[in-house]
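Here is a short briefing to read alongside the model. Take a moment with the sequence and the fold, and then we can walk through some contacts together.

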Amino acid sequence: MASSSPTLKENVRKAYDNIAVKYSEWTKSTYPTRVEYLHKLLEYLPPSPAEKSVLELGCGSGQPCTAILASNPSLKVTANDISPAQLALAAQNLPSTNVALIEGDMMELSFEDHSFDAVIGMYSVIHLPREEQVTLSRRIYKWLKPGAFFLANFSGGPEFESSFDKQWLDGTDGEMFWSSWGEERTCEVLSSIGFELILREVVVDIEEEKGEGREVPFLWVLGKKSDN
């Protein structure tokens with residue numbers, strides 16, 4: 001199965017390493033959407049004397065969201081990415097004072113229960129096989145403190161088990177991978193884990209590739225862990 005294949009993850013890492021600089025430029029069209037949803041999350045994290053901890057899965061170059069989080073001195077940020085080339089860009093873009101960068105497959109991460117006030121995954125969880133998306137969401141629920149939040153986006157179109165592209169963004173190494181349960185099933189999974197879906201919206205991105213724009217729907221969810 002794809003979910004047990006180390007080659008799949010290695011190919012995604014190689015693909016992102018290969019297109020890291022191009023991807024960081026190409027993804028700027030999604031900045032407004034990313035920032036909009038990040039601010040919706042931050043509205044639920046009111047200022048307090050106690051430092052808050054945030055985990056970002058798939059931080060890429062650190063722009064724009066990790067940088068926004070890092071600009072808040074009351075936040076302690078842990079940022080993960082599978083691509084060392086992406087993290088090298090993030091290291092250039094981010095302060096080191098309140099940001100810890102962790103390289104590797106997000107499925108290999110391990111944290112204590114009740115470690116984070118928020119976990120974020122933008123355009124990243126979609127690269128996991130579907131079964132791993134479920135497993136990771138369960139882990140995230142445990143990592144979150146009571147009453148804490150999970151902000152992520154998933155594929156908003158029909159469900160599909162696997163999609164591969166060896167030449168995504170003109171890449172010449174590795175192979176990109178995506179997977180999706182679809183909108184309804186994704187929300188059912190998150191709710192069954194225990195998340196209260198405070199926000200559930202489908203936003204259509206216009207992705208430019210090879211000079212053409214195509215509409216790609218993404219499901220954005222903001223889930224809250226129960227308070228007890």
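Which residues form a nonpolar patch on the surface? They are V202, V204 and I206, which together have about 230 Å² of accessible area. Please keep in mind that this is a predicted model. The points below go from that patch to aromatic rings, charged pairs, cysteines and a few distances.

**The surface patch**

- V204, one of the three patch residues, is found in strand 8, which covers residues 196-209.
- With a relative accessible area of 43%, V204 is partly exposed.

**Aromatic pairs**

- The count of aromatic pairs comes to 15.
- One of them joins Y16 and W168 in an edge-to-face arrangement, with 6.3 Å from centre to centre and 90 degrees between the planes.
- Y16 lies in helix 1 (residues 6-26), while W168 is in the loop between strand 6 (160-165) and strand 7 (176-180), so this pair ties together parts that are 152 residues apart in sequence.
- Y16 and W168 are both buried.
- Another edge-to-face pair is made by Y123 and F218, at 4.8 Å centre to centre and with 70 degrees between the planes.
- This second pair also links distant parts of the chain: Y123 is in the loop between strand 4 (116-121) and helix 5 (130-143), F218 is in strand 9 (residues 212-224), and the two are 95 residues apart.
- Both members of that pair, Y123 and F218, are buried.
- Y16 and W168 also belong to a cluster linked by ring pairs, together with Y23, W26 and W178.

**Charges over rings**

- The charged end of R185 sits over the ring of W181, 5.4 Å from the ring's centre.
- K225 lies over the face of Y141, and here the distance to the ring centre is 5.0 Å.

**Salt bridges**

- How many salt bridges does the structure hold? There are 15 salt bridges.
- K9 forms a salt bridge with E132, and their closest N and O atoms are 2.7 Å apart.
- Are K9 and E132 buried or exposed? Both are buried.
- K9 and E132 are also part of a network of salt bridges that includes D105.
- K40 pairs with E36 in a salt bridge whose closest N and O atoms are 3.3 Å apart.
- K40 and E36 are separated by about one helical turn because they are four residues apart in helix 2 (residues 31-42).
- K40 is partly exposed, with a relative accessible area of 22%, and E36 is partly exposed as well, with 40%.
- R200 forms a salt bridge with E184, the closest N and O atoms being 2.7 Å apart.
- Since R200 lies in strand 8 and E184 in helix 6 (residues 183-193), the bridge ties together parts that are 16 residues apart in sequence.
- R200 is partly exposed, at a relative accessible area of 35%.

**Cysteines**

- How many disulfides does a search of the whole structure find? It finds zero.
- Why is C59 in no disulfide? The nearest cysteine sulfur, that of C65, is 11 Å away, whereas a disulfide needs the two sulfur atoms within 2.5 Å.
- C65 is likewise in no disulfide, its nearest cysteine sulfur being that of C59.
- C59 is buried, with a relative accessible area of 6%, and C65 is buried too, with 4%.

**Distances along the chain and in space**

- S163 has its place in strand 6 and is partly exposed, with a relative accessible area of 28%.
- From C-alpha to C-alpha, S163 and Y141 are 27 Å apart in space, and they are 22 residues apart in sequence.
- A88 lies in helix 4 (residues 84-93) and is partly exposed, with a relative accessible area of 39%.
- The C-alpha atoms of A88 and S110 are separated by 22 Å, with the two residues 22 apart along the chain.

Methods:
Residues are numbered from 1 along each chain as its sequence is written. This is a predicted model: local features need pLDDT of at least 70, side-chain atom pairs count only at pLDDT 80 or more; totals for chains, interfaces and linings use all residues. Side-chain values use heavy atoms; hydrogens and water are left out. Patches are made of residues with over 30% relative accessible area and no salt bridge: like charges are joined within 9 Å, nonpolar side chains (Val, Leu, Ile, Met, Phe, Trp, Tyr) within 5 Å. Accessible areas come from the Shrake-Rupley method with a 1.4 Å probe; for residues, only the protein chains shown count as cover. A salt bridge is a side-chain nitrogen of Lys or Arg within 4 Å of a carboxyl oxygen of Asp or Glu. Buried means under 20% relative accessible area, exposed over 50%, partly exposed in between (1.4 Å probe, protein chains only). Rings of Phe, Tyr and Trp (its six-membered ring) pair if their centres lie within 6.5 Å; planes under 30 degrees apart count as stacked, over 60 as edge-to-face and the rest as tilted. A charge sits over a ring if NZ of Lys or CZ of Arg is within 6 Å of the ring centre and within 35 degrees of the ring normal.
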